[in-house]
Structure formats: C-alpha cells, structure tokens
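Here is a short briefing for a first look. Please keep the sequence and the structure in view while reading.

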Amino acid sequence: PSECPCVRYNRGMETLIAFGVPEQEAQGYLEMAGGNPEVAVNLFLSMSGGGGGGGAGGSSQPKKDLGFDIPDWYSSVWPEIETIPDAWLKQGMNFDEKVHLGIVQPKNGPCGVLAAVQAVMISQCRKKQNFSEKYKPSAEDLGSAITAILIQGTYDEKGQSSPAKICTWGSKGVGKDVEVTETKTEKDLYEVVMKNIKQFQDPGGCVLLVYSATLTRGVDQIKKDIVSEGGEAGYALTIKAHGHWLCTSELVSLLIRGKAGGNVGAFSQIGGAPHDWNMRLGVGLLTADEFKTGTVVCDKLKSPSSPVWLLHGGDHF
C-alpha cells in the first residue's frame, strides 16, 4: 500500500530537522518538493553545498585563466571551466536564405537551443495570414521569440514574476565577458532584445540566449528545478559527450517552458505520480526515447496547444 501523504510529510520534516534545518525552513523545502521527503532532502543538500558536483553551484571547480573574469554561474551552463567550443561560439540565430524557417547548424552541440527557438518562432508566426513554409522570418520575429522564451523564466511556482536579464558580449569580445541588463516588463525586455538583436543573430548569439535564460531563471532556482524532477543538483545545462558539449533535456526545458526540469515523461521519476509540463508557449516535444525505452511522454508535450513539436532522435534535436 502507498504511504499516507501526511506520514510522508512528517517523515520529511523529521529527516530535515535531524539535519539541523529549522522547522519553518523545513516546511519551505517540503513545499518546494511537493511534499516529497526525498526531493526535499535533496533540495536541502544541494542548496547547503552537500549535494556534491560543481555543475550548478559554480564554485567547487578551480578558477582558470580564460582571458576574462569567469562568473560564478559559468559552470551552471558548461560542463568544464574551459574555453567554449566553436560549435557554440560560431553559432548564431540567423535564418537560412534558402530554407527560410531553418537555422544552419555547422557543428554538433547547440541543436536543442536552435530547435527551441525555431519552435517558438514558428508557433508565433503561424498565426499570421501570410505564413507558409516559404515565410521568411524577420529580426522582429526572432526578437519576439527570444522575448517569449525569457519572459516565461521570470515566473516562480506561485506565478510571481522577477526581472528578466539579457546578456550581451562585453568589451573583450564573443565568448568572453558579458554585460547584463535587467528589465521589469515584457515591453522593456523586447526593446532591449531588439536593440541588441544583431548580437543574437551573429556568431555567439546562441550562447547569449542560454546565458540570458540561465540568469533570468536564476542558478539557485535551476538547481531546484533539476532536483525536483529527479536530476542531481550538480548537473550543468550542457554535457560533454563524444568530444562535444551537448544540450541536456534540462536546457531545452528551460527554453520551452521556463523551468529546467528534465523529466519529459508522464510520470514522476520519484514516486511515479502523474507528471505533466506547464507550457506557456504551447509547443510540444516528441522523442525516440518513448520507442526505445518505453518512457511515455507527458500529455502537454504530445498534444500542445500549437501544432508545433521539437523532435528528439536520441542524440539530436
């Protein structure tokens, strides 16, 4: 038989208090974890530095000289404190001249970011009377998609919003220092994005979107997002595999729903309760993992409000 929710809650309180957590703070961890004691403890350990891994904390890896001051959040994004690979630094977000709705991707790595931008942009533009497969997106269309992606990350679980943050390259150039602009309204956010739209279109623009989404959501909140859906607090938003820095499902989730939880399945990875995504942007996602592993994709991703899906083939979006 399943454990009574009140018993699970009390068990979580007792465990957290045993770790020395004050009662009111313990209640807060359990609230964030939806009453799940295991998730609540993982949240506490990750937030207090006991969760291991340096990926989301940004402070446990040694500082290196990359030619600029490395921000504390650098390792929340990248799997190593190293120079960003060309696959990312040379990736812009200009739409192709021949295949108008496509963004050319020269090298493996940022496919999930590009797919997310395309999906959101197409979802918005398909409402226009002149939209077709030959539609040529404008700079304003890209700016609207970036704005929509970032604004959703400003909302917490209670619907309260915080300022959005837009990153642009600083005086040392692409891939080095960044400047951060904070905005409080969607109108202001769009204006700042459009003022700097060339930086998003040009090489390095893909990285700027990832940085902006990360700082808008906040490193601590991203840690909570990851742990709440069965991930580890030490995860970065990219992984190193086969010599490439690749997108994680957590990063794609951050971009298409504003939350960095990586569970695309219809059931929670902790406890097996029903699980679904809250999709403000209304795009979906289909993955080959459902066929390969039997992981049933959650309802909102299978049946989005807009008929636009990201496709995940296992190692490529």
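Is K136 buried, exposed or partly exposed? K136 is partly exposed, with a relative accessible area of 46%. In this briefing, buried means under 20% relative accessible area, exposed means over 50%, and partly exposed lies in between (1.4 Å probe, protein chains only).

This is a predicted model: local features need pLDDT of at least 70, side-chain atom pairs count only at pLDDT 80 or more, and totals for chains, interfaces and linings use all residues. Residues are numbered from 1 along each chain as its sequence is written, and side-chain values use heavy atoms, with hydrogens and water left out.

Helices (H or I, at least four residues) and strands (E, at least two) are DSSP runs, numbered from the N terminus.

**Salt bridges**

- The structure holds 10 salt bridges. A salt bridge is a side-chain nitrogen of Lys or Arg within 4 Å of a carboxyl oxygen of Asp or Glu.
- Side chains of opposite charge can pair when their charged atoms come close.
- One of the salt bridges joins E97 and K136, at 3.0 Å from N to O. E97 sits in the loop between α5 (86–89) and α6 (111–125), and K136 in the loop between α6 and α7 (139–152), so the pair ties together parts that are 39 residues apart in sequence.
- E97 is exposed, at 54% relative accessible area.
- K198 and D202 also meet through their side chains in a salt bridge, at 3.0 Å from N to O. K198 is exposed at 52%, whereas D202 is partly exposed at 25%.
- R217 pairs with D225 in a salt bridge, with the closest N and O atoms 2.8 Å apart. Both residues, R217 and D225, are buried.

**Helix packing**

- Two packed helices are described by the angle between their axes and the distance between the axes. Axes are lines fitted to C-alpha atoms, for helices over the stretch in contact, and angles run from 0 to 180 degrees between N-to-C directions.
- Angles under 35 degrees count as roughly parallel, over 145 as roughly antiparallel, 65 to 115 as roughly perpendicular and the rest as oblique.
- The axes of α6 and α12 (residues 249–257) come within 9 Å and cross at roughly 15 degrees. α6 and α12 are therefore roughly parallel to each other.
- The axes of α6 and α7 also come within 9 Å, but cross at roughly 110 degrees. That makes α6 roughly perpendicular to α7.

**Helix α12**

- α12 is mostly covered, with 8 of its 9 residues buried.
- Among the buried residues of α12 are E250, L254 and R257.
- G258 follows α12 and has a positive phi, near 80 degrees.

**Strands and a surface patch**

- K165 lies in strand β1 (residues 164–169). K165 is partly exposed, at 26% relative accessibility.
- The C-alpha atoms of K165 and V180 are separated by 6.3 Å, and the two residues are 15 apart along the chain.
- L286 lies in strand β5 (residues 284–287). L286 is partly exposed, with a relative accessible area of 34%.
- L286, W309 and L311 make a nonpolar surface patch of about 280 Å². Patches are made of residues with over 30% relative accessible area and no salt bridge: like charges are joined within 9 Å, nonpolar side chains (Val, Leu, Ile, Met, Phe, Trp, Tyr) within 5 Å. Accessible areas come from the Shrake-Rupley method with a 1.4 Å probe, and for residues only the protein chains shown count as cover.
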